[in-house]
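Here's a quick tour of a model, taken from the overall fold down to single contacts. Have the structure open as you read.

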Amino acid sequence: MSSVLDALPYRHVLTLPNEPSAVRLARETAEQALVEWGIGLHRPVVDAALLILSELVTNSVRHAAEESPQVMVMYAASGSHLAFAVHDRHAHQPPLHQAGSSTGLGTVVELTRQLGGTAAVHGDDDGKSIWITLPL
């Protein structure tokens, strides 16, 4: 993952209270960052990326808020790729390869694959991050 991130010159980190309003704020911040980075919101992948991001933040709010009072969203991009991660302090690392398509996380994984992207979970002593990388 770090080799992909090293190639992405644009970056932004946002820390929010792990509550429902975080979903809207994470999405609005993503839109602002993309515009500032010269990545047009009209690209077909952008709507899907914003949906994926919203679902990941929603999952954190629903499942990790008690253990993680804050959620961190990391954004990165280049002219050819978009990456973002949602990090919370909940220790559970969901197996992405087993996520059913009827779950929120299953939808994230399925949509990411359909777009030619990758999804990965990275955990450590501070919790976990779910990273999504998509081609623009």
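## Fold and burial

Of the 136 residues in the protein, 46% are buried, where buried means under 20% relative accessible area, exposed over 50% and partly exposed in between (1.4 Å probe, protein chains only). Keep in mind that this is a predicted model, in which local features need pLDDT of at least 70 and side-chain atom pairs count only at pLDDT 80 or more, while totals for chains, interfaces and linings use all residues. Residues are numbered from 1 along each chain as its sequence is written, and side-chain values use heavy atoms, with hydrogens and water left out.

The secondary structure comes to four helices and five strands, running in the order α-β-α-α-β-β-α-β-β along the sequence. Helices (H or I, at least four residues) and strands (E, at least two) are DSSP runs, numbered from the N terminus. Among contacts with a separation of 6 or more, 67% are between residues 24 or more positions apart; contact here means heavy atoms within 4.5 Å.

## Salt bridges

How many salt bridges does the rule give? The count comes to three, taking a salt bridge as a side-chain nitrogen of Lys or Arg within 4 Å of a carboxyl oxygen of Asp or Glu. Here they are:

| Glutamate 28 | Arginine 24 | 3.4 Å |

Glutamate 28 and arginine 24 both sit in helix H2, four residues apart, or about one turn of the helix. Glutamate 28 counts as partly exposed because its relative accessibility is 34%, and arginine 24 counts as partly exposed at 47%.

Arginine 89 lies in the loop between S3 and helix H4 (104-114) and aspartate 126 in the loop between strand S4 (118-124) and S5, so the pair ties together parts that are 37 residues apart in sequence. Arginine 89 is partly exposed, with a relative accessible area of 47%, and aspartate 126 is partly exposed at 41% relative accessibility.

## Around histidine 87

Histidine 87 is in strand S3, and it counts as buried because its relative accessibility is 12%. What does its side chain reach at 3.2 Å? That would be the backbone oxygen of aspartate 126. Leaving aside neighbours within four places in sequence, histidine 87 is in contact with Gln70, Val71, Met72, Met74, Asp126, Gly127, Lys128 and Ser129.

## An exposed proline

Proline 20 is in the loop between strand S1 (10-17) and H2. With 62% relative accessibility, proline 20 counts as exposed. Its C-alpha atom is 8.5 Å from that of arginine 62, 42 residues apart along the chain.

## Cavity and pocket

On a 1 Å grid over the protein atoms alone, a cavity is a set of points where a 1.4 Å probe fits but cannot get out, and a pocket is an open set with protein on both sides within 12 Å along at least five of seven lines; lining residues have an atom within 4 Å of a point. Grid points are joined across faces, edges and corners, and a volume is the space filled by probe spheres set on the points.

The structure holds one cavity of 30 Å³ or more. The largest cavity contains about 60 Å³ of space, and its lining consists of Ala30, Leu34, Trp37, Ala49, Leu50, Leu53, Tyr75, Leu82 and Phe84. Helix H2 (21-36), helix H3 (44-64) and strand S3 (81-88) each give two or more residues to that lining, with the largest share, three residues, coming from H3.

The largest pocket has a volume of about 250 Å³. Its lining has 13 residues, and those nearest its centre are Asn59, His63, His92, Pro94 and Lys128. H3 again supplies the largest share, five residues.

Note on methods
A polar contact is a pair of N or O atoms within 3.5 Å; within protein, one must be able to donate a hydrogen and the other to accept it, and residues adjacent in sequence count only if both atoms are side-chain atoms.
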